[in-house]
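Open the model in your viewer and keep the selection panel at hand.

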There are 2 protein chains.
Amino acid sequence: MIPENLLEEYNARIVNLSKDTIIFNQGKPAYYYFQVLEGEVKMAHYNEDGQEFIQGIFNNGMSFGEPALFGEFTYPCSAVTIKDTSIAKMRSEDFFKLLENNFEIHKKFNNILSKRLRYKGIILNEISSYPAAHRIQTVLKYLRHKYGQEQEPFEVPFTRQQIADMTGLRVETVIKTIKQLSQKDELNIHDHKVVLK
Amino acid sequence: MIPENLLEEYNARIVNLSKDTIIFNQGKPAYYYFQVLEGEVKMAHYNEDGQEFIQGIFNNGMSFGEPALFGEFTYPCSAVTIKDTSIAKMRSEDFFKLLENNFEIHKKFNNILSKRLRYKGIILNEISSYPAAHRIQTVLKYLRHKYGQEQEPFEVPFTRQQIADMTGLRVETVIKTIKQLSQKDELNIHDHKVVLK
DNA sequence: TGATGCGTATGATCTAAGTCATAAGAGAAC
DNA sequence: GTTCTCTTATGACTTAGATCATACGCATCA
């Protein structure tokens with residue numbers, strides 16, 4: 001998102017985190033702009049009973065958590081590393097100063113917020129209107145797009161549990177449905193991994 | 001969103017539309033910035049079988065459809081007036097020029113995009129994790145907040161069908177569930193209207 | 001004034017997905 | 001090499017919500 005020289009110029013700090021580290025918790029106020037340099041971060045809701053709903057997965061160069069800065073609300077989700085990860089962290093004041101001085105970057109943030117909004121709208125419609133198989137395929141197709149693997153076969157880098165947490169389904173349902181999809185030849189299962197063709 | 005003097009300065013045109021007029025259709029490219037001056041507009045997905053999913057309701061002063069401009073994608077939803085409505089309409093180029101010259105307004109757009117993102121995230125979590133009664137109550141509570149009726153009893157200005165279309169439930173389910181909620185004294189039904197206390 | 005349409009209402013039945021139980025493979029941890 | 005934990009897998013059973021059918025009140029309008 002923000003190029004390295006600007007991160008430096010506006011006093012971002014680099015932080016290295018091991019897998020499964022909590023970056024911030026839902027309900028907490030936002031003071032920093034975050035950007036993934038290396039690794040991967042998930043943002044998820046946790047309900048009272050511990051059930052998880054994954055709102056997004058962020059990696060190389062992507063910013064996360066900035067809607068809470070822009071919208072001036074507390075984090076609606078928690079952010080947790082799902083790999084060893086290094087992030088850049090910039091104070092809110094510096095971040096807004098940066099935007100004020102760099103119209104194109106500011107515009108870029110509108111762009112990515114809008115794209116996320118679009119994705120959420122699509123998923124919302126999916127979840128409320130379509131059966132499990134369709135939901136799963138839509139999410140997988142989106143992930144393929146996100147990982148830029150549109151041509152070659154795409155080995156989905158997520159467990160059945162994670163797919164369940166992104167679609168609002170149960171693990172068992174995901175397992176059974178993916179099995180059925182592979183039987184209908186809509187996708188492949190190689191060595192237990194889901195592979196889109 | 002954008003004050004009247006700036007709308008004028010950047011060549012916005014005012015258009016008057018009667019109830020149930022389509023402003024744009026899903027799948028079409030975006031050329032204009034839109035803002036409601038008077039009346040009300042809904043944005044909704046329509047599936048093949050004609051089923052509707054309402055993504056948002058926009059009224060006095062709110063902008064709509066601008067994510068498609070920012071994100072450079074075609075409209076994921078259609079926009080339709082649900083009352084007689086007058087809107088301001090500004091060409092995309094003028095709109096971006098305006099933002100470039102008005103940092104605070106530009107920032108305000110980040111703010112509202114972020115808030116919408118937050119709402120969608122909440123609804124997404126609701127729909128995927130909670131039973132019908134909870135979903136309905138969350139949406140109604142949100143609407144009350146949106147219409148700024150936090151204190152007094154709030155007469156919900158939507159039909160059961162519209163609530164169904166916002167929660168991804170069926171009309172019958174909404175009717176039955178609201179009945180149950182009123183029996184459990186969680187809300188009132190006055191003269192067939194849903195009233196939050 | 002009767003027809004048409006829309007919103008609300010309610011019961012009977014059906015079904016997709018959730019829940020529960022159980023197991024087996026795979027990797028990490030000791 | 002054994003234990004632990006996570007993931008995949010599968011089958012039996014339960015259930016929330018969808019579907020379907022029917023009805024009634026109310027507004028509109030021809």
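Which side chain of chain B has an N or O atom 3.3 Å from a base nitrogen of DNA strand C? Select Lys176(B): its side chain holds that atom. This is a predicted model, where local features need pLDDT of at least 70, side-chain atom pairs count only at pLDDT 80 or more, and totals for chains, interfaces and linings use all residues. Residues are numbered from 1 along each chain as its sequence is written, chains are lettered from A and ligands numbered from 1 in the order in which they are written, and side-chain values use heavy atoms, with hydrogens and water left out.

Next, select Glu172(A), where a polar side-chain atom is 3.3 Å from a base nitrogen of DNA strand C.

Now show the 16 residues around DNA strand C (a heavy atom within 4 Å). Among the nearest are Ala132(A) and Lys179(B).

Move to chain A and select domain 1 (4-122) and domain 2 (131-196), bounds that come from an automatic or database assignment. Their C-alpha centres are 26 Å apart. About 1,000 Å² is buried between them, 58% of it from carbon and sulfur atoms (accessible area, 1.4 Å probe, lost on being put together, summed over both parts). On the domain 1 side, Ile54(A), Ile57(A) and Tyr119(A) lose the most area, together 49% of what that side buries.

Methods: Polar contact = N/O pair within 3.5 Å; in protein donor to acceptor, adjacent residues only side chain to side chain. Buried area = accessible area lost by both parts, 1.4 Å probe.
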